[in-house]
Amino acid sequence: MNEILIDTSAGVMTITLNRVEKKNSITSAMYAAMADALAQAQADDDVRAVVLQGHETIFSAGNDIGDFLTAPPSTPDAPVFRFMRGISTFPKPLLAAVCGPAVGIGTTLLFHCDLVYAGDNAAFSMPFVNLGLCPEAASSYLAPQLMGYGRAAEALLLGEPFMAEAALEMGLISRIVPPAEAAALAQRQAQKLAAKPISALIETKRLMKKGQASLVAERIGEEGASFGRMLHEPAAREAFTAFMEKRKPDFSKV
Ligand code: COA
């Protein structure tokens with residue numbers, strides 16, 4: 001079955017994570033499909049907004065941990081980095097509908113979305129440290145900026161989850177709705193945007209993001225270099241192996 005579904009209608013491209021049995025964890029092939037879809041959406045004048053969504057019960061459990069073990073990204077052109085560059089520089093409106101857990105990149109990709117509609121069951125987390133890793137997708141820059149350092153430290157150092165109310169208060173998401181309504185709301189808002197003059201949308205988004213655009217690009221590169229190195233280090237190998245073996249990691253020797 002196709003693990004990334006892409007549907008374009010009435011000016012809106014919808015990208016759906018469709019790997020629910022593995023909690024919508026994202027493989028290299030899935031990142032590649034999403035990066036390609038974003039590039040196509042950027043180039044196609046008939047696409048005026050993009051919606052990213054998962055399932056009513058799970059947005060995404062983050063990177064596929066088995067992939068981290070067997071095929072870690074090794075160059076800046078790896079699909080995961082292409083996807084990060086794609087969402088962080090996407091010029092047209094980017095929306096997300098988020099329900100259930102949003103882990104790792106499931107949360108960090110939201111820092112790059114313009115409008116996020118969350119189910120009241122949404123739970124956001126960035127447990128990179130717990131996996132022996134560091135933040136990615138410029139979240140080491142964007143999380144402290146959005147949340148304040150204190151809450152960012154709880155989220156990024158302790159890896160503690162935060163819920164939809166907290167995400168709304170800090171401005172990471174735009175509205176909280178019952179899970180069954182999140183995807184439909186995102187579609188309605190995307191269609192409203194698709195009816196507006198695209199040049200005005202693109203210029204407005206560019207101006208809103210201008211202050212941070214180069215800092216975000218630079219941070220994605222710096223994080224990527226550290227992340228790529230840390231994937232091979234003992235702490236991360238122990239965390240991934242423990243996850244695959246369904247046991248608690250033992251960091252006493254790393
Ligand atoms: N990579 C690979 N497989 C994953 C996965 C991931 N990130 N997250 C979940 N899965 C798989 C599980 O191994 C399990 O597979 P199995 O049925 O073959 O045993 C299946 O998805 C269901 O996961 P499970 O943990 O049983 O579901 P849950 O409802 O109890 O918990 C989560 C859901 C999202 C809280 C939990 O799966 C989780 O914490 N996942 C890891 C998150 C993570 O650390 N991601 C990396 C961030 S960088």
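I started with Lys205 and listed its contacts (heavy atoms within 4.5 Å). Leaving aside neighbours within four places in sequence, Lys205 touches Phe90, Pro91, Lys92, Leu94, His112 and Asp114. This is a predicted model, where local features need pLDDT of at least 70, side-chain atom pairs count only at pLDDT 80 or more, and totals for chains, interfaces and linings use all residues. Residues are numbered from 1 along each chain as its sequence is written, and side-chain values use heavy atoms, with hydrogens and water left out.

Lys205 sits in helix α9 (residues 198–230); helices are DSSP runs of H or I, at least four residues, numbered from the N terminus. I checked its burial too: Lys205 is buried, at 9% relative accessible area (buried is under 20%, with a 1.4 Å probe and protein chains only).

Next, cysteines. I searched the whole structure for disulfides (cysteine sulfur pairs within 2.5 Å) and got zero. Cys99 is buried at 5%, and Cys113 is buried at 9%.

Last, I looked at helix α5 (residues 139–147) against helix α6 (residues 149–156): they pack at about 135°, axes 7 Å apart. Axes are lines fitted to C-alpha atoms over the stretch in contact, and angles run from 0 to 180 degrees between N-to-C directions. On the α5 side I noted Ser139, Ser140, Ala143, Pro144 and Met147, and on the α6 side Tyr149, Arg151, Ala152, Ala155 and Leu156.

Technical notes
Helix = DSSP H or I, 4+ residues; strand = E, 2+ residues; numbered from the N terminus. Buried < 20%, exposed > 50% of the residue type's maximum accessible area, 1.4 Å probe, protein only.
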